[in-house]
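The following report describes one protein chain for a reader who works with computed structures. Please keep the sequence and the coordinates open while reading.

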Amino acid sequence: MADIKREPKQEKVQVVDEFLQKVKASKAAVVTGYSGLTVEEVTDLRAQLFHAKVEYHVVKNNLARLAFNKADITVLDDMLTGPTAIALAMEDAVAPARILTKFAKTHEKLSVKGGWLDGRLATLQDLKAVANLPSREVLIAKALGSMKSPISGIVQVLAGPQRKLVYALNAIAQAKGKTA
């Protein structure tokens with residue numbers, strides 16, 4: 001008997017297409033195992049991720065694999081085993097790594113398997129290292145502060161002679177005022 005190829009069900013094709021669009025729009029993906037988490041814990045995690053504009057999806061592994069492969073992301077195939085949820089970063093690529101690794105420290109049932117970041121595989125160690133980096137806003141503030149520092153130093157140096165002249169003139173004026 002010849003192998004008969006079945007057409008995939010329309011619902012599954014739609015799920016893959018919708019997930020594919022989200023994967024293409026994302027900046028990073030983090031794959032997690034969530035087995036054993038309570039509804040309250042998952043709700044709390046979803047709320048934290050939502051506030052950081054990170055989408056958290058529970059998708060069947062085969063459907064997720066199809067979507068990732070259509071997006072030319074094959075590095076996650078080995079991680080798509082068991083109960084899996086995928087966090088997709090829509091704005092800040094570091095946000096899911098930061099939130100999920102912090103959450104996993106207090107909730108042992110959540111396991112961070114790895115992810116995809118900047119077009120390459122991100123191991124658990126990579127995600128932990130990225131999660132420990134300061135936020136984007138803090139890094140920008142530090143960069144601006146270090147750019148401002150030399151400029152303010154130059155201003156202080158250039159203002160020094162004028163300041164000394166003002167002090168000297170003020171001292172002369174006070175001395176003449178006492179003698180008059």
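Is aspartate 17 buried, partly exposed or exposed? At 33% relative accessibility, aspartate 17 counts as partly exposed, where buried means under 20% relative accessible area, exposed over 50%, and partly exposed in between, with a 1.4 Å probe and protein chains only.

This is a predicted model, in which local features need pLDDT of at least 70 and side-chain atom pairs count only at pLDDT 80 or more, while totals for chains, interfaces and linings use all residues. Residues are numbered from 1 along each chain as its sequence is written, and side-chain values use heavy atoms, with hydrogens and water left out.

## Overall form

The protein chain has 6 helices and 5 strands, these being DSSP runs numbered from the N terminus, with helices (H or I) of at least four residues and strands (E) of at least two. Read from the N terminus on, the order of the elements is α-β-α-β-α-β-α-β-β-α-α. The C-alpha trace spans about 120 × 35 × 25 Å along its principal axes. The radius of gyration of the protein chain is 28 Å, whereas a compact globule of 180 residues would have a value near 16 Å; the radius is taken over C-alpha atoms, and the globule rule is 2.2 Å times the number of residues to the power 0.38.

Of the 180 residues in the protein chain, 31% are buried. The accessible surface comes to about 12,300 Å², and 59% of this surface belongs to carbon and sulfur atoms; such areas come from the Shrake-Rupley method with a 1.4 Å probe, and for residues only the protein chains shown count as cover. Among contacts (heavy atoms within 4.5 Å) between residues at least 6 apart in sequence, 79% join residues at least 24 apart.

## Salt bridges

Side chains of opposite charge can pair when their charged atoms come close. A salt bridge is taken here as a side-chain nitrogen of Lys or Arg within 4 Å of a carboxyl oxygen of Asp or Glu, and by this rule the count comes to 3 salt bridges.

| Salt bridge | N to O distance |
|---|---|
| Aspartate 17 and lysine 70 | 4.0 Å |
| Lysine 22 and glutamate 55 | 3.6 Å |
| Arginine 120 and aspartate 126 | 3.8 Å |

Aspartate 17 forms a salt bridge with lysine 70; aspartate 17 lies in helix H1 (residues 10–25) and lysine 70 in helix H3, so the pair ties together parts that are 53 residues apart in sequence. Lysine 22 forms a salt bridge with glutamate 55; because lysine 22 lies in helix H1 and glutamate 55 in strand E2, this pair ties together parts that are 33 residues apart in sequence. Lysine 22 is partly exposed, with a relative accessible area of 31%, and glutamate 55 is likewise partly exposed at 28%. In the pair of arginine 120 and aspartate 126, aspartate 126 is partly exposed, with a relative accessible area of 26%.

The 12 residues of helix H4 (residues 95–106) should span 16 Å at 1.5 Å a residue, and the end C-alpha atoms are 17 Å apart, which agrees; the expected span is 1.5 Å times one less than the number of residues. The buried residues of H4 are Ala95, Pro96, Ala97, Ile99, Leu100, Thr101 and Phe103. What covers these buried residues includes strand E1 (28–33), helix H2 (39–51), strand E2 (54–58), strand E3 (84–89), strand E4 (111–117) and helix H5 (124–131).

Alanine 104 also lies in helix H4, but at 22% relative accessibility alanine 104 counts as partly exposed. Not counting residues up to four places away in sequence, alanine 104 touches Leu110 and Val112. Alanine 104 and leucine 45 are 59 residues apart in sequence and 9.9 Å apart in space, C-alpha to C-alpha.

## Loops and a surface patch

Lysine 53, placed in the loop between H2 and E2, has a phi near 60°, a positive value in a residue other than glycine, and is partly exposed with a relative accessible area of 47%. Aspartate 72, found in the loop between helix H3 (61–70) and E3, has a positive phi of about 60° although it is not a glycine, and at 70% relative accessibility counts as exposed.

Ile140, Leu144 and Met147 make a nonpolar surface patch of about 290 Å². Patches are made of residues with over 30% relative accessible area and no salt bridge, with like charges joined within 9 Å and nonpolar side chains (Val, Leu, Ile, Met, Phe, Trp, Tyr) within 5 Å. Isoleucine 140 lies in helix H6 (residues 136–179) and is partly exposed, with a relative accessible area of 38%.
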